[in-house]
Amino acid sequence: MTLFELFLIAVGLSMDAFAVSVCKGLSTVRVKPKHYLCVGLWFGGFQALMPTVGYLLGSTFEAYINNFDHWVAFALLAVIGGNMIKESREKDAEECDDSFAVKTMLVMAVATSIDALAVGITFALLPDVSILAAVGFIGATTFVLSALGLKVGNIFGLKYKSKAELAGGIILILIGLKILLEHLGVIGF
């Protein structure tokens with residue numbers, strides 16, 4: 001997996017955290033430096049933790065699914081991406097909460113990083129992924145984009161939330177398709 005592909009996955013995964021951060025920024029009257037640090041650490045930390053857990057789970061079952069691992073990777077990324085695209089199209093009113101309490105942030109960090117668990121399983125099935133580099137990169141990217149989302153939400157409101165989720169979903173589906181086509185021998189990079 002190239003650094004560019006890893007960057008695209010990191011950006012795609014961080015879009016849920018970005019969207020929640022935008023909502024947080026919208027509901028927070030005065031954003032302080034501690035707020036940026038809070039969303040960055042919670043969301044970035046869980047976006048790094050979940051693929052690690054997924055990788056460990058995937059490594060356990062790798063021998064059993066080795067013959068069709070590329071299909072599993074494609075299916076996981078396509079389902080995650082499709083769900084993000086579906087969520088970007090929903091017109092439900094987003095409920096915004098200005099709380100930065102541990103309980104609130106923990107629930108949101110877990111909810112926005114569940115997708116990363118499945119991506120971690122995918123990483124275990126790919127031969128050329130350094131899990132430490134991958135989770136560090138994903139965590140750092142999510143940290144930065146979450147802090148940026150807080151600022152964007154505070155300034156612009158929900159204008160970019162659905163566009164971010166749509167872009168993230170498309171990116172993950174395309175990465176999954178690339179993995180599948182490479183393993184089938186249709187394309188080679």
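In which helix does Leu57 lie? The legends below, which describe a predicted model, take up this residue after an overview of the chain.

**View 1. Overall fold of the chain, built from six helices and zero strands.** Read along the sequence, the predicted model follows the pattern α-α-α-α-α-α, and its C-alpha atoms fill a box of roughly 55 × 30 × 25 Å along the principal axes. The radius of gyration is 17 Å, which agrees with the value near 16 Å that a compact globule of 189 residues would have. Of the contacts with a separation of 6 or more, 93% are between residues 24 or more positions apart.

**View 2. Leu57 and the nonpolar surface patch to which it belongs.** Leu57 lies in helix H2, which spans residues 33-65, and counts as partly exposed because its relative accessibility is 41%. Together with Leu49, Val53, Phe61 and Tyr64, Leu57 makes a nonpolar surface patch of about 510 Å². For the chain, the accessible surface comes to about 9,500 Å², and carbon and sulfur atoms account for 69% of that area.

View 3. When residues up to four places away in sequence are not counted, Asp16 touches Met84, Glu87, Thr112, Asp115 and Glu165.

How values were computed
Residues numbered from 1 in each chain as written. Predicted model: local features only at pLDDT ≥ 70, side-chain atom pairs only at ≥ 80, totals over all residues. Heavy atoms only, no water. Contact = heavy atoms within 4.5 Å. Patch = residues over 30% accessible without salt bridge, like charges linked within 9 Å, V, L, I, M, F, W, Y side chains within 5 Å. Areas by Shrake-Rupley, 256 points an atom, 1.4 Å probe, with all protein chains shown as cover. Salt bridge = Lys/Arg side-chain N within 4 Å of Asp/Glu carboxyl O. Helix = DSSP H or I, 4+ residues; strand = E, 2+ residues; numbered from the N terminus. Buried < 20%, exposed > 50% of the residue type's maximum accessible area, 1.4 Å probe, protein only. Rg over C-alpha atoms; globule rule 2.2 N^0.38 Å.
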